[in-house]
Structure formats: C-alpha cells, structure tokens
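Thanks for asking me to look this over with you.

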Amino acid sequence: MISREPTIERLATAQSLLLTPFGLDESHLARALAEIAAHKVDDADLYFQYTRSEGWSLEEGIVKTGSFSIDQGVGVRAVSGEKTAFAYSDDISEASLLDAARTVRSISSAGRSARIKAPTRKIASSRSLYNGVDPITTLDSTAKVELLGRVEKLARARDPLVSQVMAGLASEYDVVLVARADGTLAADVRPLVRLSVTVIAEQNGRREMGSGGGGGRFGLAYFDDAHIAEYVEQAVSAALVNLESRPAPAGEMTVVLGPGWPGILLHEAIGHGLEGDFNRKGSSAFSGRIGQRVAAKGVTVLDDGTIADRRGSLNVDDEGNASQRNVLIEDGILKGYIQDSLNARLMKVKPTGNGRRESYAHVPMPRMTNTYMLGGDKDPKEIVASIKKGLYATNFGGGQVDITSGKFVFSASEAYWVENGKIQYPVKGATIVGNGPDALTRVTMIGNDMALDSGVGTCGKEGQSVPVGVGQPTLRIDGLTVGGTA
C-alpha cells in the first residue's frame with residue numbers, strides 16, 4: 001500500500017541526521033530551490049544522503065580486514081530540456097547549498113523578473129517494504145566475527161577437498177532526503193546486508209572455485225544457521241562440480257538456463273535495453289517498439305521495486321517517486337520502459353519509480369530494481385529432458401551487453417553437457433553469446449519454478465553501481481551460440 005504516513009516518520013529520521021545537526025530546516029531547502037527557480041528550469045531537486053557502512057572479511061581462518069565509514073553530503077540538480085546541471089558537496093551547510101543552487105541554475109540563462117510563488121509543501125507517498133533498522137547495530141563485533149568463523153568451519157567440514165575459504169559480511173545504513181522544485185518532500189531509510197562465501201577445492205593439483213551468499217534489506221539476524229548452511233552448500237558443491245568439469249563444446253545449440261540467479265542474463269540482455277534514456281535517444285534495440293511482439297508467447301518480464309525486504313527494492317526512488325511494479329513485456333508484447341523523471345517528461349509518460357543514483361555525488365538515471373520473468377507451466381525436469389544435445393547452465397559469472405545491437409556475452413560458472421535428455425558431465429569455460437531481442441523470441445519452454453536470486457546483485461551503468469535483484473524460472477532457449485574450449 002502507498003501512503004504518506006511512513007514518509008512522515010522517515011522524514012523525521014532524515015531531518016535529525018541531515019538537517020538539524022547543520023542548522024538547516026525546510027525553509028533553507030525552499031530557499032535553495034527558489035534560487036534555482038530564479039532562472040527558467042524544467043525541474044530541480046536536492047538530494048541529501050547519510051550512509052554508514054561496515055565490512056568484515058575472513059581468510060585462512062583469520063579476520064583479515066574490518067572497515068567502517070560514514071559518508072554524507074548533498075547533490076543539487078537543475079534540468080532544462082535535455083540538459084542537466086549538477087553540483088554536490090560533502091559539506092552540508094546553508095552556504096554550500098546556496099552556492100550549489102546558484103551554480104546549477106546557470107544551465108538556463110533566462111532570468112525571471114517576475115516573483116515566483118513558492119510551491120505548496122507536499123509529502124510524497126511511499127511504501128513500507130522494509131524496517132528502517134540500522135543493521136550495523138543488530139550484532140556486536142564479536143558476534144560478526146563468530147558468524148564468519150561458523151561459515152569457514154562449516155565449509156571445511158563439508159568436504160576434505162576444500163583447501164581455502166573466504167567469507168565477507170557487509171552492512172549499510174542509508175538515509176536519504178529528497179526535496180523537489182514542486183514542493184515535494186520524500187525520505188527513505190534503507191538497511192542493506194550481504195554475506196558472501198567463496199571456497200577453493202583442490203584435487204590432484206587442480207584448483208576450482210565456487211561461491212554462494214545472500215542478503216537483503218534487514219538486520220544481520222537473518223543469517224541464521226539454515227541460511228549459512230545454504231550458502232556454504234552452494235559454494236562447496238559448485239567448486240566440487242567444477243573439479244569434475246571438462247572443456248565445453250562450442251557451436252549453436254539449445255541452452256537451458258536454471259532458475260534464480262541466471263536471470264542476470266535477462267537483466268543484462270533485456271533489462272538495460274528497456275531503460276528510458278536509451279529508448280528516448282533511439283539507441284536501444286527496443287526503441288519505438290511498444291505494442292510490438294519482441295518475445296515468444298508466454299514471456300512476461302517485470303521490473304518490480306515493491307517486493308518486501310529485497311535487495312533491489314525501494315520505498316521511494318532517488319527522485320522521491322514511490323517504487324512500482326512495472327510490466328515491461330507481457331506475453332511477448334512490449335508494454336513499456338523503465339523511467340526516471342527527466343526521460344519520462346521528455347517522452348511524455350509518467351515516471352515508473354526507477355530514478356536511481358549511486359550516491360549524492362551522482363545524477364539519477366533510469367535503473368532497474370528487481371527484474372524477473374514470470375513462470376510458466378513446464379516441469380523443470382521435463383525441460384532438461386527435452387534437450388537432444390545442448391547446455392544446461394545453472395549459474396553465471398559476469399556478462400556484458402551492447403545496448404544498441406542487443407548483443408550479449410556471458411560466462412557460465414556452473415554448467416552441464418546434456419545428451420538425449422540426460423546430464424552427461426559438468427563443463428568449464430562455456431560462454432553464451434547472443435542477441436537479447438532475438439534470444440527472447442527463441443524461448444520455447446518456461447518452467448513453473450520462478451525464483452529470485454538470493455540477494456547479491458549489483459548493477460553497473462555509466463560508472464554508477466546500485467543494488468538490484470534478478471529472477472526467472474528454468475528456461476529453454478533454442479539456437480544460442482556457445483563459445484567453448486573443447
């Protein structure tokens with residue numbers, strides 16, 4: 001449910017951290033925005049942020065590093081047409097705020113002689129998807145170190161071939177305050193935690209790696225024995241499978257993708273191409289194709305920032321708009337794009353709650369939140385059994401995409417060679433090469449096992465990183481190119 005009540009509570013938290021200690025109140029924000037509005041601009045906003053983060057890492061049974069940092073500042077933006085002027089400062093004060101406001105308003109040189117009526121104060125509507133807990137305080141330092149020790153102990157006990165264990169624990173408490181030119185005030189209090197484990201298994205001089213982990217927007221108590229065991233099992237079994245792997249065959253073939261994290265391929269190959277900025281400029285393979293068939297029947301892709309406690313979810317985006325559940329592709333038909341305020345205004349549509357930025361030192365742009373494909377009606381076992389000769393990829397490492405052409409390349413970190421419906425052996429070094437829009441039309445079977453990833457995704461775009469989620473069911477895609485080593 002969207003309401004203004006939670007925003008009022010979060011505004012109080014944000015003001016206590018970002019305004020009151022520096023002698024600022026809402027009247028100072030209004031004055032800064034009025035300074036910008038003295039020149040004719042289409043939009044303007046102030047983005048205050050306070051971030052406290054902590055990280056611990058364990059290697060060779062010893063906590064090797066511990067880090068703690070606090071960062072705070074304000075970003076000031078003015079928009080005129082397609083142009084954006086932006087200034088930021090880690091000094092939160094009335095002087096630096098007004099200085100930044102005068103700097104960015106120069107984007108539009110037309111001075112206004114008339115007096116500008118101050119906009120009415122409006123509290124933004126927002127969601128309540130996670131508790132505003134400070135996760136750093138949910139466990140003491142001793143308990144955090146002990147948690148990492150349990151990860152290592154469990155991994156080594158799982159198999160004698162495990163020769164090395166690396167574990168990391170990260171926590172972040174992020175408070176943001178947005179003031180917009182139209183009088184809108186919004187705030188969010190965002191916890192974020194992540195536990196990661198990487199193991200190296202060794203046999204007959206061969207070393208292979210596996211990893212696991214998870215997290216989300218909650219406290220560290222989430223990482224109970226069951227979750228730790230699950231992440232360790234992921235990491236160790238992946239390393240042991242890779243010890244048995246053979247070189248991957250190459251060529252054009254049927255590829256079946258497992259559920260959950262393999263949705264990273266969907267995120268890269270399809271999701272980025274559906275972001276508003278690329279489509280407004282006509283540089284995406286999906287530009288101008290709303291209402292057209294861009295995927296096989298049964299393919300429905302969503303970007304949904306409203307899932308409780310998820311890593312990619314937001315109560316409000318970084319422009320103060322409530323997050324949304326956006327249907328991008330429905331039964332193979334392109335329905336819409338992911339929008340921030342600037343691109344939505346220029347494309348004459350509404351923002352979709354996807355204006356995101358890495359920090360106060362960055363401009364917002366349209367970014368994904370949790371991007372996933374809905375499930376179908378096929379049993380996953382039936383999908384694997386349908387492969388005559390092909391690849392079954394259950395986990396991925398990195399990947400990249402060219403937005404304009406839609407071409408992508410992905411490396412599979414865990415994959416199997418399948419013949420006549422039977423898994424033959426694990427393979428190593430498989431890369432999947434294809435074209436996003438074309439690959440969507442080649443989906444021939446969709447599993448009933450849609451799953452979201454465990455909460456580890458980070459997306460990069462134009463030098464900015466933000467936390468995201470991905471997901472999908474088991475999928476069969478025909479005629480993908482696999483680059484192998486065999």
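**Notes on the predicted model**

1. Let me start with a helix pair: the axes of helix 2 (residues 26-37) and helix 3 (residues 94-104) come within 8 Å of each other and cross at roughly 20 degrees. Helix 2 is therefore roughly parallel to helix 3. Angles under 35 degrees count as roughly parallel, over 145 as roughly antiparallel, 65 to 115 as roughly perpendicular, and the rest as oblique. Axes here are lines fitted to C-alpha atoms, for helices over the stretch in contact, with angles running from 0 to 180 degrees between N-to-C directions. The crossing of these two helices is right-handed, where right-handed means that the near helix is turned clockwise from the far one by less than a right angle, and left-handed means anticlockwise. On the helix 2 side the contact is made by H28, L29, R31, A32, E35 and I36, and on the helix 3 side by E94, L97, L98, A101, R102 and V104. Contact means heavy atoms within 4.5 Å.

2. A word on the ground rules. This is a predicted model, in which local features need pLDDT of at least 70 and side-chain atom pairs count only at pLDDT 80 or more, while totals for chains, interfaces and linings use all residues. Residues are numbered from 1 along each chain as its sequence is written, and side-chain values use heavy atoms, with hydrogens and water left out. Helices (H or I, at least four residues) and strands (E, at least two) are DSSP runs, numbered from the N terminus.

3. Strand 1 (residues 43-59) and strand 2 (residues 62-80) run antiparallel and are joined by 17 bridges; two strands pair if DSSP finds at least two bridges between them. E59 sits opposite I62 of strand 2. The hairpin of strands 1 and 2 has two residues between the strands, and E60 there takes a positive phi near 55 degrees.

4. Strand 2 also pairs with strand 3 (residues 83-89), in the antiparallel sense and over seven bridges. Here G75 stands opposite Y88 in strand 3. This hairpin too has two residues between its strands, and G81 in the turn has a positive phi of about 65 degrees.

5. For residues 44-107, an unreviewed UniProt entry carries the annotation "domain: Metalloprotease TldD/E N-terminal". UniProt positions are given in the numbering used here, feature names are shortened, and annotations may be inferred rather than shown by experiment. In the model, this span is 17% helix and 66% strand, and its end C-alpha atoms lie 11 Å apart.

6. Is Q164 buried or exposed? Q164, which is found in strand 5 (residues 162-180), counts as buried because its relative accessibility is 18%. The cut-offs are under 20% relative accessible area for buried and over 50% for exposed, with partly exposed in between (1.4 Å probe, protein chains only). Leaving aside neighbours within four places in sequence, Q164 is in contact with E59, R156, T198, V199, I200 and R207.

7. Helix 4 (residues 141-158) and helix 5 (residues 225-243) have axes that come within 9 Å and cross at roughly 45 degrees, so helix 4 is oblique to helix 5. Their crossing is right-handed. Among the residues making the contact are L147, V151 and L154 of helix 4, and I228, V232 and V236 of helix 5.

8. Now the open sheet: six strands lie in the order 12-11-10-15-24-21, with mixed pairing. Its edge strands, strand 12 (333-334) and strand 21 (451-452), each pair on one side only. Helix 6 (residues 263-271) packs on the sheet and touches strand 10 (301-304), strand 11 (325-330), strand 15 (370-373) and strand 24; the direction of helix 6 makes about 110 degrees with that of strand 24.

9. K348 is not a glycine, yet has a positive phi of about 60 degrees; K348 is exposed, with a relative accessible area of 74%. E462 likewise has a positive phi, near 50 degrees, and lies in the loop between strand 22 (458-461) and strand 23 (464-467).
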